[in-house]
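Please view the sequence and the model together before reading on.

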Amino acid sequence: MKTIKAVMSRMPMMMTCGEVEETLLDYVEGRLEPYARWKFDLHIKMCRECFDYLAAYKKASALGGEILGPSSAPAPDDLPDDLIDAIVAAREAETR
Ligand SMILES: [Zn+2]
């Protein structure tokens, strides 16, 4: 992993982890322009930490949407079963 980071740091078009963190919300909400989105995708593909960060953010926002309203979109098909169980458990805890 050390070598990937070393390569990334030498690529001028590569975003830093800090930039990914800053633009995460715009990315998730589809507000990034295509080039910025491409750079974000590229970083996510190469950086495990930011990949996990994005995944955790998406989980959190999906969870929030579930709790906020019954009319929210259904959960994406690619959610792992244990995550769905966690969301269901959280909803039950919330309504109890
Ligand atoms: Zn990163």
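## Basis of the model

The model is predicted: local features need pLDDT of at least 70, side-chain atom pairs count only at pLDDT 80 or more, and totals for chains, interfaces and linings use all residues. Residues are numbered from 1 along each chain as its sequence is written.

## Overall architecture

The protein chain holds five helices and zero strands, in the order α-α-α-α-α from the N terminus. Helices (H or I, at least four residues) and strands (E, at least two) are DSSP runs, numbered from the N terminus.

Of the 96 residues in the protein chain, 7% are buried. A residue is buried if 20 or more other C-beta atoms lie within 10 Å of its own, exposed if 12 or fewer, and partly exposed in between, with C-beta atoms placed from the backbone.

Phe40, His43 and Ile44 are the buried residues of α3. They cover an arc of only 100 degrees around the axis, which puts them on the same side of α3; the arc is that of the directions from the helix axis to the C-beta atoms. Pro34, Tyr35, Trp38, Asp41 and Lys45 are exposed on the other side of α3.

## The nonpolar core

The largest nonpolar core has six residues: Met15, Val20, Phe40, Ile44, Cys47 and Cys50. Such a core is a set of buried Ala, Val, Leu, Ile, Met, Phe, Trp, Tyr and Cys residues joined through C-beta atoms within 7 Å.

Beyond its neighbours within four places in sequence, Cys50 is in contact with Cys17, Val20, His43 and Ile44. Two residues are in contact if their C-beta atoms, placed from the backbone, lie within 7 Å.

The 12 residues of helix α2 (residues 17–28) should span 16 Å at 1.5 Å a residue, and the end C-alpha atoms are 16 Å apart, which agrees. Just after α2, Gly30 has a positive phi of about 70 degrees.

Phe51 lies in helix α4 (residues 48–68). Phe51 counts as partly exposed because it has 14 C-beta neighbours inside 10 Å.

Conventions. The expected span of a helix is 1.5 Å times one less than its number of residues.
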